[in-house]
Amino acid sequence: MIPLEWSFANRYIETDRVKRKEGIRMNELQEIVLDLWKPNSVRSRYQTFKPIFARFEGVHNEQEFNDLCRTIEDSKDDSTLIIDGGFQFAPKLDVLAQIKKEIPGVDLAHLTRDFLVMFANDQINEVYLRALSYTYSLAKRCGLFSNRRQEENFICNQIVLSLDYLMRLPFKADEAGKLIVYDPGTLDEKGFWFLMLCYLMGMDVLVLSPAGEQAFWKYDLDHLSKLYRNPISHRKQAFSDRVRLGKPLGKVRTTVSTLSAQTDESLFGQTGIFKPWMFRGIPVNHVQLEGTRIDLEDTWDREARLREGFQAEKKSITVPSFYVEIDGVDRNRSEYIGLLNKLKNAQNVFVDSTCGKGLFREIRPKSEAVKLVFAMNPDGTFNSKKLRETEGSLFDYVSAETGKVIVEKLNRLLHLKGSSLTKEERIHIANLVLSMSKPIARMIENFDYPFSVPKVLIFLNREERIKKEVRILLEFLSEFGFDIAVMAPSGVSGLDDPKRSILRLDQMVYDMDFPAPPIPEDEDNFHGLKSLFGLFK
């Protein structure tokens with residue numbers, strides 16, 4: 001999904017973007033192309049992600065340029081638009097008639113959803129309207145309009161292009177959309193403004209102009225794009241011709257990179273030192289920790305690599321984790337408060353006192369969930385690519401690599417539950433996993449297996465019980481290597497997973513809320529406790 005925080009009020013403008021680099025070799029273009037399809041988080045090194053808007057004028061070496069075109073063609077995915085020559089403008093008369101009916105009197109510099117709902121997702125729609133408003137304002141500053149009719153036609157043209165090109169793209173959380181334009185001199189001015197709009201939407205924009213740039217680039221008053229210049233090519237070739245003549249680029253590994261990899265392997269093999277993200281994209285195996293209360297308190301906040309049972313090889317990793325139900329409370333209430341505080345104050349923990357409802361966004365209704373059947377394989381598992389295309393799901397918040405591991409874990413859970421599951425039950429389980437909340441999805445995304453283990457702590461107020469939907473998601477998270485702890489002062493949790501361990505304390509209490517305030521030393525009861533959960537919302 002495009003980032004809402006990439007706002008125009010705080011929009012960055014880098015003055016060095018207007019530098020015109022003369023005689024640039026293909027190396028910089030190669031770097032851009034080879035990085036373009038990596039997750040945003042990898043490209044930004046987990047800092048604020050900024051899409052690229054690069055223009056390459058001319059050609060330094062014809063064969064190298066052809067090879068780059070071939071690499072672009074071979075690398076494209078469902079988030080990529082490649083435009084060879086220019087955009088095809090096909091006016092939709094019914095759409096234009098409706099827009100022209102609504103547009104009189106609209107403030108074109110501050111468009112709202114009252115005028116236009118282009119995308120069903122409110123966040124995407126808001127960013128689109130702001131991008132369109134900004135594009136219009138920039139065109140107005142360039143002196144393009146002499147009357148209101150021209151201004152309205154400008155907006156209409158951009159909406160028509162958006163319908164034809166943007167609506168087909170899936171906007172993903174960790175993958176920017178990509179618009180690559182090969183311009184042999186035929187890109188028109190409407191297309192130029194559409195490039196601006198797409199960049200302001202958070203998309204990567206790459207423009208290749210082997211025969212030289214056109215005059216309308218002077219309208220980039222805010223220097224959103226960066227120009228690289230090379231000698232002009234006089235060959236009249238379409239993008240498809242260059243693709244046919246080119247060879248896909250391989251990633252060239254430098255000497256430093258090779259030595260670094262050898263050093264990493266040597267360190268890992270001999271000392272057990274782990275490089276951050278060295279197991280990224282590899283499915284994690286889970287082994288459940290069984291032990292006493294002392295083991296729980298001592299190990300809960302330890303990194304995975306420091307836990308008994310941790311194993312790591314090149315292509316596999318095993319993380320030991322807890323799945324424990326804690327029934328009742330201690331007679332000495334300060335000891336129980338100490339246990340609660342130790343669990344909830346650990347690193348990387350999600351605390352919930354709403355019977356696990358916080359683990360979900362909104363669970364999509366059965367009428368919507370049934371559509372997941374189209375992503376189901378004949379054996380009852382789910383096709384990774386098709387399932388990850390589900391809109392409005394946790395895949396909006398995670399990278400492609402993490403999404404693949406999530407689907408593998410989902411299929412693993414279905415396998416563990418056995419072949420007796422009906423198709424409807426499999427769809428229900430998949431729907432619950434896809435409905436997990438953004439914070440939980442991001443804990444999965446940031447789970448660097450040897451280090452901090454993500455944790456879920458659920459506190460059941462009074463005599464509350466966990467519902468079946470929450471039990472299923474806890475099973476999934478446990479299989480993923482999460483630490484799970486459910487505190488049930490009443491001793492009745494609603495959990496029925498035989499894999500969980502149970503720690504039963506001194507006595508059951510039926511009127512306790514979360515979080516429990518400190519207990520005075522001379523007080524040994526829970527009378528008058530009040531829930532302070534509102535402070536943690």
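What follows is a short tour, going from the whole chain down to single residues.

Keep in mind that this is a predicted model. The protein chain has 17 helices and 13 strands, and 51% of its 537 residues count as buried. Take the contacts between residues at least 6 apart in sequence: 81% of them join residues at least 24 apart.

**Aromatic rings**

- A pair of aromatic rings is described by the distance of the centres and the angle of the planes.
- There are 23 aromatic pairs in the structure.
- One of them is Y182 with F239, a tilted pair with 5.7 Å from centre to centre and 55° between the planes.
- That pair links distant parts of the chain, 57 residues apart: Y182 is in strand 3 (residues 178-182) and F239 is in helix 8 (residues 239-245).
- W193 and Y219 make a stacked pair, with centres 5.9 Å apart and 20° between the planes.
- W193 sits in helix 7 (residues 189-200) while Y219 is in the loop between strand 4 (204-209) and strand 5 (226-229), so this pair ties together parts that are 26 residues apart in sequence.
- W193 is buried, with a relative accessible area of 1%, and Y219 also counts as buried, at 16%.
- W193 and Y219 also belong to a cluster linked by ring pairs, whose other members are F53, Y136, F145, F154, F192, Y199, F216 and W217.
- A ring can have a charge over it as well: the charged end of K190 sits over the ring of F89, 4.9 Å from its centre.

**Salt bridges**

- Side chains of opposite charge can pair when their charged atoms come close.
- The count here comes to 31 salt bridges.
- R70 and D74 form one of them, at 3.0 Å from N to O. Both residues lie in helix 3 (residues 62-75), four residues apart, which is about one turn of the helix.
- R70 is partly exposed at 25% relative accessible area, and D74 is partly exposed at 45%.
- E445 and R280 form another salt bridge, with their closest N and O atoms 3.4 Å apart. This one links distant parts of the chain, 165 residues apart: E445 is in helix 16 (residues 438-445), and R280 is in the loop between helix 9 (255-271) and strand 6 (284-288).
- E445 is buried, with a relative accessible area of 9%, whereas R280 counts as partly exposed at 23%.
- K417 and E475 meet in a salt bridge as well, 3.1 Å from N to O. K417 is in helix 14 (residues 400-417) and E475 is in helix 17 (residues 468-479), so the pair ties together parts that are 58 residues apart in sequence.
- K417 is partly exposed at 29%, while E475 is buried at 13%.
- Salt bridges can also join up: R293, E297, D330 and K342 are linked in a network.

- Look for R364 in the loop between strand 10 (349-352) and helix 12 (366-369).
- A polar atom of the R364 side chain lies 3.3 Å from the backbone oxygen of E391.
- Beyond its neighbours within four places in sequence, R364 is in contact with several residues, among them A369, T390, N431 and S435.

**A phenylalanine in a strand**

- F459 is in strand 11 (residues 455-459) and is buried, with a relative accessible area of 1%.
- F459 and K344 are 115 residues apart along the chain, and their C-alpha atoms are separated by 9.9 Å.
- Leaving out neighbours within four places in sequence, the contacts of F459 include Y336, L340, D352, M487 and F514.

**Positive phi angles**

- Most residues other than glycine have a negative phi.
- H223 has a positive phi, near 55°. H223 lies in the loop between strand 4 and strand 5 and counts as partly exposed at 35%.
- C355 has a positive phi as well, near 60°. C355 is in the loop between strand 10 and helix 12 and is buried, at 13%.

Note on methods:
Residues numbered from 1 in each chain as written. Predicted model: local features only at pLDDT ≥ 70, side-chain atom pairs only at ≥ 80, totals over all residues. Heavy atoms only, no water. Helix = DSSP H or I, 4+ residues; strand = E, 2+ residues; numbered from the N terminus. Polar contact = N/O pair within 3.5 Å; in protein donor to acceptor, adjacent residues only side chain to side chain. Contact = heavy atoms within 4.5 Å. Phe/Tyr/Trp six-rings, centres within 6.5 Å; stacked < 30°, edge-to-face > 60°. Buried < 20%, exposed > 50% of the residue type's maximum accessible area, 1.4 Å probe, protein only. Lys NZ or Arg CZ within 6 Å of the ring centre and 35° of its normal. Salt bridge = Lys/Arg side-chain N within 4 Å of Asp/Glu carboxyl O.
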